[in-house]
Amino acid sequence: MTLRKISVLALAFMFVMIFAGNSFAILGEGYFGPDNPPPNGIIIEPPFYDSPYAVRRDDYRRQEDYRRQEDYRRQEEARRQEEEIRRREDELRRQDDYRRQDDYRREEDRRSFNPNYEKYSADPERVIRSYGFDRTTTENLIDLHRSAARGNGKGERYDRYTMIYRDFPTDYLAAYEASRNAYEMADYDMAMHWVNKALEILPQYVPARQFKRTVEGGLKRR
């Protein structure tokens, strides 16, 4: 009798389990919950930011942004420095121009044009001796012109003649020679500047008047 009851109970338990399994299969669920994806097809995964790879990529992105910002900052700083250098150079150039103008005005105030100024020659001996300086100044200035003429190249000769002019603002021969060397360097603007300086001192200076036409031709051709 007892064995029969046990057999009946076992059969009943098996029937219940079979019925429950069919029910879960119909509903699409297993014993431990749903085994199908959600209806919208989206599988929920752990958040992306919880991944160590995501953190590492964020670090790289921040480092790249920082590098770009540093590059931009350095470029801006270099640009500001270049602008400041140009501004200072322009200021120094203006100050130098003001000093030369003041020197010229002072020289203009105290000088009287010598009617014996050499008007036709470009020979330092003849031109400089017509300036009316004392003997020592005359000899020194002639030596400076000879040294400038021996300069190594057009650029060096140009620099030497402009330095002579700054020390002797009435030396129209130095201005004329500076103009000729500027012209040889194809700097026609500076050539015109210096030939005009020579003619401001002595408008009748024939070599400068003739050379000015040459400079004007160079300005038209460029």
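1. Which residues is Ser179 in contact with, leaving aside its neighbours within four places in sequence? In this predicted model, they are Ala191, Trp194, Val195, Phe211 and Val215. Ser179 sits in helix H6. With 0% relative accessibility, Ser179 counts as buried, because the cut-off for buried is under 20%. The C-alpha atoms of Ser179 and Ala191 are 4.1 Å apart, although 12 residues separate the two along the chain.

2. Next, the overall layout. The chain has eight helices and two strands. Along the sequence, their order is α-β-β-α-α-α-α-α-α-α. The chain has 222 residues, and 25% of them count as buried. Take the contacts between residues at least 6 apart in sequence: 53% of these join residues at least 24 apart.

3. Glu177 is another residue of helix H6, which covers residues 172-184. Is Glu177 buried or exposed? Its relative accessibility is 10%, so Glu177 counts as buried. Setting aside neighbours within four places in sequence, Glu177 is in contact with Ala122 and Tyr161.

4. Now the packing of H7 and H8. Helix H7 spans residues 188-201, and helix H8 spans residues 206-221. The crossing of the two helices is left-handed.

5. Who makes that contact? From H7 come Tyr188, Asp189, Ala191, Met192, Val195, Asn196, Ala198 and Leu199. From H8 come Ala208, Arg209, Phe211, Lys212, Val215, Glu216, Gly218 and Leu219. By class, the contact of H7 with H8 has 10 nonpolar, two polar and four charged residues. Ala191 and Val195 of H7 belong to this contact, as do Phe211 and Val215 of H8. Those four residues are also among the contacts of Ser179.

6. On to the aromatic rings. The structure holds 11 aromatic pairs. One of them joins Tyr176 and Tyr205, with ring centres 5.8 Å apart and planes at 85°. The pair is edge-to-face, because plane angles over 60 degrees count as such. Why does this pair tie together separate parts of the chain? Tyr176 lies in helix H6 and Tyr205 in the loop between H7 and H8, so the parts joined are 29 residues apart in sequence.

7. Tyr176 has a second ring partner, Phe211. Here the ring centres are 6.0 Å apart and the planes stand at 85°, so this pair is edge-to-face too. The link runs from Tyr176 in helix H6 to Phe211 in helix H8, 35 residues apart. Phe211 is buried, as is Tyr176. Phe211 also turns up in the contact of H7 with H8 and among the contacts of Ser179.

8. Last, the ring cluster. Ring pairs link Tyr117, Tyr131, Phe133, Phe168, Tyr172, Tyr176, Tyr183, Tyr188, Tyr205 and Phe211 into a cluster. Tyr188 of H7 is a member, and Tyr188 also takes part in the contact with H8.

Note on methods: Residues are numbered from 1 along each chain as its sequence is written. This is a predicted model: local features need pLDDT of at least 70, side-chain atom pairs count only at pLDDT 80 or more; totals for chains, interfaces and linings use all residues. Side-chain values use heavy atoms; hydrogens and water are left out. Helices (H or I, at least four residues) and strands (E, at least two) are DSSP runs, numbered from the N terminus. Buried means under 20% relative accessible area, exposed over 50%, partly exposed in between (1.4 Å probe, protein chains only). Contact means heavy atoms within 4.5 Å. Axes are lines fitted to C-alpha atoms, for helices over the stretch in contact, and angles run from 0 to 180 degrees between N-to-C directions. A crossing is left-handed if the near helix is turned anticlockwise from the far one by less than a right angle, and right-handed if clockwise. Ala, Val, Leu, Ile, Met, Phe, Trp, Tyr, Cys and Pro count as nonpolar, Asp, Glu, Lys and Arg as charged, and the others, Gly among them, as polar. Rings of Phe, Tyr and Trp (its six-membered ring) pair if their centres lie within 6.5 Å; planes under 30 degrees apart count as stacked, over 60 as edge-to-face and the rest as tilted.
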